[in-house]
Every structure is written in structure tokens, then in C-alpha cells.
Amino acid sequence: MANIKDVAKLAGVSPATVSRVLSNKGNTSEDVRARVQMAIRKTNYVRPGGAKPLVAGSRTICLTIARNSTDIFGNPFFDSVLYGVSSTVEQHGMDLQLAVFHSVDRQIEKCVQLYKQQKIDGLILTGILSADKDRLLRTFHEEHIPFVMIGRTFRHDVFSVHNDNLRDGFMAARHLIDAGYRNLVVLTQDTKLDVFAARISGYRQAIQQVGLDAGPERIVQAGPEEEDIMNALQRLLDEGIAVDSVITMDSVMSLSVLKFCQLTGLRVPQEVGIIGFNDAPYLVKVSPTLSCVEMNGANLGAEAFHLLNEIMNEPQAMSLKKNVTLPSKLMIRQSTARSAFEGI
């Protein structure tokens with residue numbers, strides 16, 4: 001079994017330097033840390049009391065998120081991301097650990113601990129809230145933990161994979177306009193979350209491009225529960241705001257909008273068009289079937305793994321920035337096919 005001197009020899013440093021890197025104490029350059037980490041992997045070195053050697057075949061990837069579990073489990077987007085990550089990890093003969101936390105503080109504490117104990121070899125981060133992004137990414141950088149973020153950042157030098165949510169918001173709104181709708185409303189859980197804010201910006205660009213009403217009252221915030229959505233839509237009608245189409249931020253919200261229309265006698269798609277984000281099997285099992293912008297969560301998960309594998313094989317890459325933008329696809333179904341119902 002390799003010892004600390006073997007690691008030091010391969011990395012071209014002293015055993016004391018290896019010890020400093022392992023304990024994350026003292027001043028060592030990024031280049032030296034990268035060489036030591038690579039030597040650890042090549043020699044399969046395990047610190048006394050360590051969990052496992054860091055050989056490629058035994059690597060463990062951690063997919064982590066700090067959100068309320070009710071926001072994650074059953075969410076079509078996170079389901080597809082998990083499928084993409086897990087299937088790709090399995091194809092490469094590695095293991096996957098899922099770590100869900102209720103706070104980012106606990107997420108940081110536990111993920112750093114797992115990495116230092118050599119129980120995981122890298123992180124895939126998803127569902128990062130805007131307020132948490134700086135602290136989360138900075139900490140993992142400082143701890144020299146290989147990680148990839150699913151999501152977009154303009155201010156951090158990290159590896160990330162994402163959709164262009166501004167493009168996708170524009171795509172959804174433009175589709176409704178082209179289908180003949182003129183009084184568009186956006187229904188969202190949050191206006192400040194990066195993903196939602198970008199989609200709303202795309203919607204506004206499409207609306208303003210053709211001179212339609214883009215007033216603030218057309219951005220409607222509602223909680224995730226069906227009752228919240230029903231009440232928000234009813235308030236729109238009570239206030240006399242003209243609505244002939246709704247863009248929702250996820251497919252579950254689209255179901256609630258459809259139910260509201262059915263209960264209030266509004267015909268879909270003749271009187272109200274509905275389109276959301278993230279495809280799901282149940283969207284084609286309702287009547288009318290529901291249109292959406294497919295975000296390809298499985299592809300995001302798979303690409304995140306490939307980027308992380310690149311970093312784990314070449315630790316020097318952690319100091320670089322690499323953004324991968326994946327395409328989205330418009331899934332046109334009955335809920336926006338207004339022309340097919342003309343005269344009915």
C-alpha cells in the first residue's frame with residue numbers, strides 16, 4: 001500500500017507539503033495542490049482511517065441540493081436530472097450518492113466533510129438559490145473540491161452546464177403569440193430565482209417585440225399548491241385583467257391551470273392557451289394534452305457528469321471556467337393548438 005512518501009515522490013514535493021495539502025493547512029499553490037491530488041489518485045493512497053482509495057473505478061459522485069424535499073421529489077425536472085446523472089455514472093462503473101439538505105450551511109459542512117474523509121470524489125450541484133451561490137461556490141473552490149454546477153453563473157470561474165432560460169422564455173411566449181394569443185400572463189413561484197427571472201426576461205422580450213401589454217400585473221406570483229394557483233388566477237379574473245394564455249414555470253403548475261379553466265368553464269385552447277416548462281409523462285395523459293418547453297434534464301445530468309469526470313482526471317482544470325449550454329425543445333400539443341379548434 002502506498003504511503004505519504006510515495007505520493008510526495010510522484011508529485012515532486014516533500015512529504016510535509018503532501019501533509020499540508022491533506023490537512024488543508026498552510027500556503028500551497030494551485031499547481032502544487034493539483035499535482036498532489038493527482039499523485040494521490042495514481043498511487044491509491046489512503047490516509048490512516050481513510051474510507052477508500054481514490055482509484056477511478058471506485059469513484060463516488062455526489063449529486064447534492066439544498067432545498068425542501070417537497071420541492072424535489074416528484075418534480076419532473078429533478079427526476080430527469082437524477083436519471084441522467086445516475087445512468088451515466090453507472091455506465092462509467094462509478095457510484096452515486098444523493099445528498100439533500102434543508103439548508104446550504106448544512107450542505108457545505110457535510111459535503112466538505114465527505115470529501116475530506118475520501119467518501120466522495122466530486123460534486124454535482126443543482127437547484128442552487130441565487131442567495132446561496134457566492135458562498136457555496138467560493139467554499140468548494142477554497143477547499144479544492146472538484147464540482148460542476150447545473151445552472152448558470154456569470155461571475156464565477158466554474159464548470160457549469162445549463163439551459164438558456166432567457167431563450168426558452170422567449171420561445172414559449174413567441175409560440176403563444178404565433179398561435180394567435182395576445183393577452184399573455186406568466187405564473188411563477190418566484191420572480192427572483194435566476195432561472196425564473198431569465199424566463200420572465202425572455203417573455204418580456206417577445207411581448208415587447210410585437211408591442212403587446214407587458215405590464216407588471218401580468219407577472220403573477222403564486223405558491224406551489226393547487227389552491228394557491230387557483231386563487232391567483234381567480235384574482236386576475238376578479239380584477240378584470242384580460243387573459244387568453246398562461247405561461248407556467250413547471251408542468252405541475254400547468255395541470256393546476258388546466259383544472260382551473262375546466263372548473264370555470266374556460267375552454268382550452270380556444271379561450272385560454274397553456275404552456276409550461278419541463279416535459280413529463282402525465283402532460284400527454286390529460287385532455288387537452290399540455291404544451292411545454294422540454295428542458296432535457298437527463299442531458300443536463302449526463303453532461304454534468306462528463307464535465308466533473310474531466311475535472312477529476314485533470315485537477316488543474318478547477319481553476320478554469322467552462323460553460324456548456326444545451327438546447328431546449330418546444331413540445332406543441334393541444335393546449336396551444338388554437339387553430340385546430342377554430343369554429344368549434
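Two strands pair if DSSP finds at least two bridges between them. Helices (H or I, at least four residues) and strands (E, at least two) are themselves DSSP runs, numbered from the N terminus. With that in hand, welcome to the close-ups.

The model is predicted, and local features need pLDDT of at least 70, side-chain atom pairs count only at pLDDT 80 or more, while totals for chains, interfaces and linings use all residues. Residues are numbered from 1 along each chain as its sequence is written, and side-chain values use heavy atoms, with hydrogens and water left out.

**View 1. Strand E6 and its two parallel neighbours.**
E6 and strand E8 (residues 245–248) pair in the parallel sense over four bridges. Within this pairing, Ser245 of E8 is the bridge partner of Leu184. E7 is also parallel to E6, joined to it by three bridges, and here Leu187 stands opposite Val220 in E7. How many residues of strand E6 (residues 184–188) are buried? Five of the five are, so the strand is largely enclosed by the rest of the structure; buried means under 20% relative accessible area, exposed over 50%, and partly exposed in between (1.4 Å probe, protein chains only). In a regular strand the side chains alternate between the two faces of the sheet. Both faces of E6 are covered, with Leu184, Val186 and Thr188 buried on one side and Val185 and Leu187 buried on the other.

**View 2. The open sheet of six strands.**
Now take in the sheet to which E6 belongs: six strands in the order E7-E6-E8-E9-E10-E12, with mixed pairing. At the edges are strand E7 (219–221) and strand E12 (329–331), each of which pairs on one side only. From one strand to the next, the twist averages 20° (axes are lines fitted to C-alpha atoms, for helices over the stretch in contact, and angles run from 0 to 180 degrees between N-to-C directions). E9 and E10 run parallel and are joined by three bridges. Look there for Phe277, which stands opposite Val293 in E10.

Most residues other than glycine have a negative phi, and most peptide bonds are trans. Val268 and Pro269 are joined by a cis peptide bond, with omega about 10°; Pro269 sits in the loop between helix H11 (251–264) and strand E9 (273–277). Another cis peptide bond links Ser287 to Pro288, with omega about -5°, and Pro288 belongs to the loop between E9 and strand E10 (291–294). Gln118 is not a glycine, yet its phi is positive, about 60°. You will find Gln118 in the loop between helix H6 (104–116) and strand E3 (122–125), buried with a relative accessible area of 4%. Asn296 has a positive phi near 55° and lies in the loop between E10 and helix H12 (297–313).

**View 3. The largest pocket.**
The volume of the largest pocket is about 1,200 Å³. On a 1 Å grid over the protein atoms alone, a pocket is an open set of points with protein on both sides within 12 Å along at least five of seven lines, a cavity is a set of points where a 1.4 Å probe fits but cannot get out, and lining residues have an atom within 4 Å of a point. Grid points are joined across faces, edges and corners, and a volume is the space filled by probe spheres set on the points. Of the 46 residues lining the pocket, Arg67, Phe78, Leu193, Val195 and Phe196 are the closest to its centre. H9 gives the largest share of the lining, six residues. By class, the lining has 19 nonpolar, 15 polar and 12 charged residues (Ala, Val, Leu, Ile, Met, Phe, Trp, Tyr, Cys and Pro count as nonpolar, Asp, Glu, Lys and Arg as charged, and the others, Gly among them, as polar).
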